[in-house]
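Please look at the sequence and the structure first.

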Amino acid sequence: MGADHAGFELKQAVKQQLLDAGHEVEDVGTESAESVDYPPFAAALTDLLASAMAAGAQFWAISGFRTYGEQTALWQQGRTAPGRIVTNAMGGQSAHNFGIAADLCRDGVVDRAGLQPDYKPEAYEILRELAPRHGLVWGGSWRFPDFPHVQLPNYVTSSQLQPLRAEYERAGLLGVFTYLDQGVCK
Ligand SMILES: [Zn+2]
């Protein structure tokens, strides 16, 4: 079972009833009632995933919102922590920190249950055409390509993200969402 953040409380209640009745429950999230992804972005992303699926390409969104701390921990990977470098953005420098970006993973074997990751860049090429059709930007089209990444336009560079950082520090994620709602950069 699963639910979005608005359905979290209900999911927990239903889950408890199922457990009480002796059923096994697989809970795939979410883990809290807190809002984390900007709803218009989530809507565009959902439409994009449906279009890709209709075109025969199944993607899973494997990473959306990240806290500054999570982003910095990711940045340390391959620098001061083990692993390979996966991002050039520290906390506050990524669209992921403001709920307007997601990383997708192509499912290489749709007939098998669960995600069978396909990391080949070609597997993401379909996003070049589909992402803009849903008002999103695809990281694979950048000078330093980020193939799994899609996000809202106009908030890509550190200077473009500056107003979101300011809002986040002033009023948290809801402040950022209110700012985006005003369409200052649309
Ligand atoms: Zn990303």
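## Contacts and burial

Of the contacts in the protein with a separation of 6 or more, 53% are between residues 24 or more positions apart. Two residues are in contact if their C-beta atoms, placed from the backbone, lie within 7 Å. Buried residues make up 26% of the 186 residues. A residue is buried if 20 or more other C-beta atoms lie within 10 Å of its own, exposed if 12 or fewer, and partly exposed in between.

## Source of the model

This is a predicted model, in which local features need pLDDT of at least 70 and side-chain atom pairs count only at pLDDT 80 or more, while totals for chains, interfaces and linings use all residues. Residues are numbered from 1 along each chain as its sequence is written.

## Secondary structure and domains

The protein has 5 helices and 5 strands, in the order α-α-β-α-β-β-α-β-β-α along the sequence. Helices (H or I, at least four residues) and strands (E, at least two) are DSSP runs, numbered from the N terminus.

Domain 1 covers 1-34 and domain 2 covers 36-181; these bounds come from an automatic or database domain assignment. The domain centres, taken over C-alpha atoms, are 26 Å apart.

## Two backbone details

Most residues other than glycine have a negative phi, and most peptide bonds are trans. The bond from Gly29 to Thr30 is cis, with omega near 5°. Thr30 is in the loop between helix 1 (8-20) and helix 2 (39-54).

Asn154 has a positive phi, near 75°, and is in the loop between strand 5 (149-151) and helix 5 (158-181).
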